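Biologist: Please bring up the model, and we will go through it by question and answer.

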Amino acid sequence: MYNNATYKIMNCELKKLIRYIESMSWILFVIFSWPLACQENKRIECAQIEDCDPNQRGNVHYGDPCEETWNCICDFICVEGLCVSSLNDPLINPPEGDEDEEEDIEERLYPRPEGTIIDYIGIAWVPIPAGEFMMGCAEGDRFCNTDELPSHEVPLEGFLMTETEITQQQYENIIKKATEGYYSGFLLPYFEGIPKENPSYFSNCPACPLDRFTLEEARNFCTLLDGNLPTEEQWEYAARANPLGSETVYGCGMESDCLDEIAWTNRNSEKRTHKVGQKLPNAFGLYDMIGNVWEWCDKDYKSEYDHPNDWIQYNSLDRGVLRGGSWQSGVYETRASYRYYAKYDDHRNFSVGFRCVKKQQ
């Protein structure tokens, strides 16, 4: 039916068709697999640049080597020497908690300060004496940031502060009180403003800090205790409780070697939070003021100011202040004067918690 020339032409055209189909298959594979690869790897290159906070420190991309969290671009954090996402990253395998663990707040080596109050859900409130201190970057601090200057004297009235960061057990106690009809009237909206299930990433650890609360949720929680979140002034004053704290970089001393005795940081945390009150307390009788989890303050973040009182005033931004560093933090972020920020309306992070303050009775 066909001569040899015709067969050769058909064979040639068939080969061309096969090559075309192969090339198109490769193109289709690249087109459809690239978004999946982006989703799987969560590379920052896959995101729109406008999704990043332009004021965020650092320029190291996801999955790339880093030394400190502030090296990472956008909201990524530095874990095991790599920049990873801030929440539930697949590169992080959270250790399993102890399901049968009980809070052992009464099993302590150090007596509580005189005047400590235990409230209706078992939270200890430590009296912080009135006084003055030098707020801001300490002299000789080689890591000092512009938003920690100028150092200035701040007078404070006495107040009460929770002995530790708010724990998961204390949160459960609040939820239990609600089932007993404890919160009604003016308190009801504040209870409605907190999660009804423990949001903590490192759950099943009653004595570990409560984490992944937004700023507004933390404010509501403290209101249920007839308290507030601490101002930055209150927080730093409490963190510098060491007799020489106002003059030191870390509160416990000028060098970071002292941190292991008072804080869970990236040097000893094994990549997770720990039970509160396991490290040494400071001179005010407070535990974990540095490390374990970042702590929300009742302030909007302001990076520049001309007068010390600017640290006391709100400035209508949507970024809340975080203090103290966390289990992920190194020597840069665990300085007593270090100021960090995050969006307060929706920021949930497994390294962020809080403690509360209220007026002395």
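This is a predicted model: local features need pLDDT of at least 70, side-chain atom pairs count only at pLDDT 80 or more; totals for chains, interfaces and linings use all residues.

Biologist: Is Asn-292 buried or exposed?

Modeller: Asn-292 sits in the loop between α6 (259-262) and β8 (294-300). The cut-off for buried is under 20% relative accessible area. Asn-292 has 0% relative accessibility, so it counts as buried.

Biologist: Which element gives the largest share of the largest nonpolar core?

Modeller: The largest nonpolar core has 31 residues, and Ile-166, Ile-174, Phe-221, Leu-225, Trp-296 and Phe-354 have the most contacts inside it. Two or more of the core's residues come from each of α2 (168-179), α4 (215-224), β8 and β10 (340-343). The largest share, five residues, comes from α4.

Biologist: How many residues are in the other core, the one that includes Val-154?

Modeller: Phe-354 is one of the residues with the most contacts inside the largest core. Beyond four places in sequence, Phe-354 is in contact with residues including Ile-166, Phe-221 and Trp-296. Apart from that core lies another, with Val-154, Tyr-237, Leu-259 and Ala-263 among its members, and its residue count is 27.

Biologist: How far apart in space are Ile-77 and Val-60, C-alpha to C-alpha?

Modeller: Ile-77 is in strand β1, residues 77-79. Its relative accessibility is 6%, so Ile-77 counts as buried. Ile-77 and Val-60 are 17 residues apart in sequence, and in space their C-alpha atoms are separated by 9.9 Å.

Biologist: What class of accessibility does Asn-266 fall into?

Modeller: Asn-266 lies in the loop between α6 and β8. Buried means under 20% relative accessible area and exposed means over 50%. At 39% relative accessibility, Asn-266 is therefore partly exposed.

Biologist: What is the C-alpha to C-alpha distance between Asn-266 and Cys-78?

Modeller: Setting aside neighbours within four places in sequence, Asn-266 is in contact with Glu-68, Trp-327, Gln-328, Ser-329 and Gly-330. Cys-78 is 188 residues from Asn-266 in sequence, and the distance between their C-alpha atoms is 9.6 Å.

Note on methods:
Residues are numbered from 1 along each chain as its sequence is written. Side-chain values use heavy atoms; hydrogens and water are left out. Helices (H or I, at least four residues) and strands (E, at least two) are DSSP runs, numbered from the N terminus. Buried means under 20% relative accessible area, exposed over 50%, partly exposed in between (1.4 Å probe, protein chains only). A nonpolar core is a set of buried Ala, Val, Leu, Ile, Met, Phe, Trp, Tyr and Cys residues joined through side-chain atoms within 4.5 Å. Contact means heavy atoms within 4.5 Å.
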